[in-house]
Amino acid sequence: MAFDGTVIANLVYELNQNILNSRISKIAQPEKDELLFTLKGQNGQQRLAMSASASLPFLYLTKQNKPSPMTAPNFCMLLRKHIANGKIVKIHQPGLERIIHFEIEHFDDLGDLCRKTLTIELMGKHSNIIFCTEDGAIIDSIKHISAQVSSIREVLPGRTYFIPETTHKENPLQTSESFFLDAVLRRPESICKAIYNSYTGISPVIASEICFRSGIDADLSTSALSADEKLHLYHNFDWFLTDLKEAAFTPNILYRKKEPIEFSSFLLTEYSDCEQATFASISEALETYYAARNIYTRIRQKSSDLRRIVHTALERNRKKYALQQKQLKDTDKREKYRIYGELLNTYGYQAQEGAKKIEALNYYTNEMITIPLDEQLSPLENAQKYFERYNKLKRTHEALTTLIEETKNEIEHLESIATALDIALLEDDLVQIREELMEFGYIRKKRGDKKAKIKSRPLHFVSSDGFHMYVGKNNYQNDELTFKFATGNDWWFHAKGMPGSHVIVKTESGELPDRTFEEAGKLAGFYSKGRENEKVEIDYLQKKNVKKPNKSAPGFVVYYTNYSLTIHPDISEIEQLS
C-alpha cells in the first residue's frame, strides 16, 4: 500500500508531537533520492528519514543512522547552506494530500531571520523533495521535472511551487452529507471506486474498509444501494473521518505468511485472514514495513538475472519436451509396420504382380486387414521396406524415451532452482544457486573465477515440543542436510510431487509427537512451490529410507515407502531460531 492521506495525517500528528521546534543539527544524503536529518529538541536527538524513491518513497522518524558519501551531493550542500541549524516551526498537511510541508526558520548571511519551506511529496513514482522560499519560489529539488517530462507542472529552480489540480477531488475533511449522497454515490462505478475517486487522500484500501465496516460489498455499483444503505455508508464514512480528525490512530502492519502486505494508520477489519501487528507509532510501523519490503525488493532485484536464466532454460526445455512427446507419439505406429512385414512374409505369395494392396488375416487379432503395397516392388521387398520403417521407429522410440526422461529431469531440476530463488531472503542465499547454475552449464564460468565463499546456512526452527527442525534453502543445502547432517532415525519431509525444500527433524529415538509432525509438514509445504495453496500433501519418512541415485542432480532423491499428511502451509506460529 502506498502512502495515502490518512497515513500522512498520522505522520504529521506524530511529527508535531516529537520534532516541532527542533533544530536541524545535521543534513545527510545517503542515497540519490534520500535525506536524513539529525534533529535536536525537547525530546532529545532524533533522526528524520525521507525518500523520494519512485519504488519505495517514505518519511518517518528513525533511530538508525546511515553512512553518507564522502562528497555530499549538490542538493544536500544547498540545504546545509540554507537551513543547517534551522528551527522547524511548522509541520502541516494541505487538506488530506500526500504532502508534508516543513516550515523552517533560519538566519541568512546577513543575520536576518528568514523562513524556508521543505516540501515532501509522497506520491509513488511522482514523489519529490522540493525546497522553496517563503513566497513559494522553488530554490531546488531532489528531482528536476522539466516540461518535456511533465506537461502539468515544472519542478525547476525559479519556478513557483503549486499543487497540481489534476483529479479535481474533494477534501474529505470538508465534505458534507449532501455531497456524499448526491455526488459521490451517483457516480456510474463501484462504491469503492466512487469513494476514492471523489476524495483526496482516500486510498482504495481505506475505501474498501469503509464499505466493509458498513456491511456493504465494495464492488457493488452505486446504483444498487437503497436510500437507507447510502445513509448508513455515509455515517460509517463520517465516523472514520471523526477518528481521523481526533487522531485516533492505530498504526499497524498486515502480514500474510510472514510477508508484509499492507500498512495503515487504522485497523483494517476486512483482512481477517491476515496476521495484524500494531505499533506505538506510525514511524515504527513504517520503518518495520519498509525494512521488510526492502528485503523482498532487493532480493528480487539481485536475483533477477538468475531468474531470467532459469526462466529461459525452463521455457526452452518445456518446448523441447512437448516436441519430444509429439515425436514419441509418431512412433506408436511402429508395431503396425512390423505386423505388415510379418504378414507379407507369410501371405505375400498371394499378391498379384503390380497390386497396390493385399488382404491378409492378422493372426494376432484374428481379423482381416489391408496392407498397402508399392506396386514397383515385390511382396518380399515390400516386407523388407516395412521392417526398415519398424526398426527406424523402434530406434527413435528408444532414443526419445531416454531423451524425454532426461528433459523431464532437467525441467524438475530447473523448477527446484526457481523455487530456491523464491525462498531466498538474503544475498548470501543466491551464492549457492549461482554456483549450481554454473556447475550445470546454465551460466558460463569465466577464466580465473574462484569458488564463492558460502555463508548461507539452512533455516533452523524449533517445534512446540522442543524438536529442532532444519530447512534447506537450495539443492546443495538439501543434499547436505539429508545425506551429511541427518542420521538414520531423523525424520525427512518434502512436498509431494513438486519442487521444495528438504526438512529434517532431529530425533535420536525416531519418535516424534503428532504436533511436531504437523509443524514439520507445514515447513515443507511453505518452503515449496505450493506455498500459496490452501492445502499441500506432504511425504515423510525416516532419513534411512531416503536414497540418492548415482549421478543425479543436487536435491534429487528416491524413496519407496513413506507416510503422507495434508496440511495448510502456515508457519506463523513456528519459532525460528536462525
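Okay, hi everyone. One thing before we start: what we're looking at is a predicted model.

Let's begin with empty space. Rolling a probe the size of a water molecule over the atoms shows where empty space is left. The second largest pocket here holds about 810 Å³. Which residues sit closest to its centre? Those are Y296, I423, A424, L425 and R531, out of 33 residues that line the pocket. Four elements each bring at least two residues to that lining: strand β11 at 259-264, and helices α7 at 282-302, α10 at 379-423 and α11 at 427-439. The top contributor is α7, with six residues. And what's the lining made of by class? You get 15 nonpolar residues, 15 charged ones and three polar ones.

A pair of aromatic rings is described by the distance of the centres and the angle of the planes. In this model, the count comes to 28 aromatic pairs. Take F263 and Y290: their ring centres are 6.1 Å apart and the planes meet at 50 degrees, so we call that pair tilted. F263 is in strand β11 and Y290 in helix α7, so this pair links distant parts of the chain, 27 residues apart. Both F263 and Y290 are buried.

Now compare Y337 and Y386. That pair is stacked, with 5.9 Å from centre to centre and 20 degrees between the planes. Are they buried or exposed? Y337 has a relative accessible area of 12%, so it is buried, and Y386, at 7%, counts as buried as well.

Last stop, two single residues. E209 is in helix α5, residues 204-213. Its relative accessibility is 1%, and buried means under 20%, so E209 counts as buried. Leaving out residues up to four places away in sequence, E209 touches L267, L268, T269 and E270.

The other one is Q542, in strand β19, residues 536-542. At 16% relative accessibility, Q542 is buried too. A polar atom of the Q542 side chain lies 3.2 Å from the backbone oxygen of N489. Beyond its neighbours within four places in sequence, Q542 contacts G488, N489, D490, W491 and G510.

That's my tour, thanks!

Conventions. Residues are numbered from 1 along each chain as its sequence is written. This is a predicted model: local features need pLDDT of at least 70, side-chain atom pairs count only at pLDDT 80 or more; totals for chains, interfaces and linings use all residues. Side-chain values use heavy atoms; hydrogens and water are left out. On a 1 Å grid over the protein atoms alone, a cavity is a set of points where a 1.4 Å probe fits but cannot get out, and a pocket is an open set with protein on both sides within 12 Å along at least five of seven lines; lining residues have an atom within 4 Å of a point. Grid points are joined across faces, edges and corners, and a volume is the space filled by probe spheres set on the points. Ala, Val, Leu, Ile, Met, Phe, Trp, Tyr, Cys and Pro count as nonpolar, Asp, Glu, Lys and Arg as charged, and the others, Gly among them, as polar. Buried means under 20% relative accessible area, exposed over 50%, partly exposed in between (1.4 Å probe, protein chains only). Contact means heavy atoms within 4.5 Å. A polar contact is a pair of N or O atoms within 3.5 Å; within protein, one must be able to donate a hydrogen and the other to accept it, and residues adjacent in sequence count only if both atoms are side-chain atoms. Rings of Phe, Tyr and Trp (its six-membered ring) pair if their centres lie within 6.5 Å; planes under 30 degrees apart count as stacked, over 60 as edge-to-face and the rest as tilted.
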